[in-house]
Every structure is written in structure tokens, then in C-alpha cells.
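Dear colleague,

I am passing on the model we spoke about, with the sequence and the coordinates together. Please open it beside this message, so that the residues can be followed as they come up.

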Amino acid sequence: MTLNTTELRALGASGLLVSPSCLGGNVFGWTADKAQWSAVLDAYVAAGGNFIDTSDSYMNYFPEQGNEPGQSETIIGDWLATHRNRDEVIVATKVGDHPKYMGLAPATIKAAAEEFLRRLRTDRIDPLLHPLRPGRIHPRRRDHRCA
């Protein structure tokens, strides 16, 4: 696969070049089964996309459906391993809302990042984001204020 680099855009000051549209992975394993998520990822990359978003907390709020937090990362990791195209894809993930790694303390971020690397089967994190604004009270943990 060859990306059209004229379509890629700088992601802030990160040095990363990403496609104009980012593919959200929140439905992978939830409403999209393996055949569906594989087809979506294949089509997205074939069309020139290289920027995929996931989170360690996706599926956290639907345990009754048999889903697990981090499931989206595992699915994307499986797809990347099958396609052997990790160097061509930018994967963004988020921290701070996984039930085992709640909040933004340095030790919590480190533990969450180690799990991300394991689930994604990679040696690096591209952008690591947190979805909570500084100073905001965490919506599910009233005792935690975001740093």
C-alpha cells in the first residue's frame, strides 16, 4: 500500500502525518464482528486512510454484552499483526477511563500504556490522549479531578 502523502496532514507538533479523516474503533467487537471490522479497516487503508482512534475504555460500559475494556485495541492489534502494516498506520488511544487504570496519575498512565502496547502488539504508542479536560471532575468518579 502506498499512501498519497499530499493528502496527509501534520498532527499538531507531533511530527506525525495523518490522513484527513480518522477512523474510530469504538464499535470493533461491539456492533461490528470480525468480518465487519476487518472489512472496514481494509477499506479505510485501501482508500488512503492511516489514522485509527481507539481507547482502553471502549466497551467498559457494556459488560452485560460480554465485552471487555481494551477490546477495540486488541482487535486493531490482531488486524495489524495479520496485515503486517504497523509502520503505515498511526494509532491513537486514550487513557484515564479504564476501570483498572482510572485517572491520570503517572503510575496509572504507565500501567495503562503497558497494557495498550500488549493489546496492540506494538512497541510504540503514537498519540496518547486523555479525553478529560484539566480541572474537570471525572464524570464517573466524583473523587477524582483530572490533572
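This is a predicted model: local features need pLDDT of at least 70, side-chain atom pairs count only at pLDDT 80 or more; totals for chains, interfaces and linings use all residues.

Residues are numbered from 1 along each chain as its sequence is written, and side-chain values use heavy atoms, with hydrogens and water left out.

**Overall fold**

The protein has three helices and eight strands, where helices (H or I, at least four residues) and strands (E, at least two) are DSSP runs numbered from the N terminus. Read from the N terminus on, the elements follow the order β-β-β-α-β-α-β-β-β-α-β. Of the 147 residues, 44% count as buried; here buried means under 20% relative accessible area, exposed means over 50%, and partly exposed lies in between, with a 1.4 Å probe and protein chains only. The accessible surface of the protein, from the Shrake-Rupley method with a 1.4 Å probe, comes to about 8000 Å², and 54% of that surface belongs to carbon and sulfur atoms. If one takes the contacts (heavy atoms within 4.5 Å) between residues at least 6 apart in sequence, 62% of them join residues at least 24 apart.

**The sheet**

Four strands form an open sheet in the order β3-β4-β5-β8, with parallel pairing; two strands are said to pair if DSSP finds at least two bridges between them. The edge strands are β3 and β8, each of which pairs on one side only. Going across the sheet, β3 and β4 pair over two bridges, with G24 having D53 as its bridge partner in β4. β4 and β5 then pair over three bridges, and D53 has A92 as its bridge partner in β5. Finally, β5 and β8 (residues 128-129) pair over two bridges, and here K94 stands opposite L129.

Strand β5 (residues 90-94) is mostly covered, since five of its five residues are buried. In a regular strand the side chains alternate between the two faces of the sheet. In β5 both faces are covered, with I90, A92 and K94 buried on one side and V91 and T93 buried on the other.

**Helix α1**

Helix α1 (residues 34-46) has 13 residues and reaches 18 Å from its first C-alpha to its last, which is close to the 18 Å expected at 1.5 Å a residue, the expected span being 1.5 Å times one less than the number of residues. Its buried residues are W37, L41, Y44 and V45. Seen down the axis of α1, these residues fall within an arc of 95°, and therefore line one face of the helix; the arc is that of the directions from the helix axis to the C-beta atoms. They pack against β3 (23-24), β4 (51-53) and α2 (71-83), whereas A35 and A46, on the other side of α1, are exposed. The helix is followed by G48, whose phi is positive, near 105°.

**Salt bridges**

A salt bridge is taken here as a side-chain nitrogen of Lys or Arg within 4 Å of a carboxyl oxygen of Asp or Glu, and by this rule the count comes to ten. One of them joins the side chains of D53 and K94, at 2.8 Å from N to O. This pair links distant parts of the chain, with D53 in strand β4 and K94 in strand β5, 41 residues apart. Both D53 and K94 are buried.

Another joins the side chains of E73 and R119, at 2.5 Å from N to O. This pair also links distant parts of the chain, with E73 in helix α2 and R119 in helix α3 (residues 106-120), 46 residues apart. E73 counts as buried because its relative accessibility is 0%, and R119, with a relative accessible area of 7%, is buried too.

R124 forms a salt bridge with D123, the closest N and O atoms being 3.2 Å apart. In this case R124 is partly exposed, with a relative accessible area of 29%, and D123 counts as exposed at 63% relative accessibility. Both residues belong to a network of salt bridges that links R86, D87, D123, R124 and D126.

With best regards
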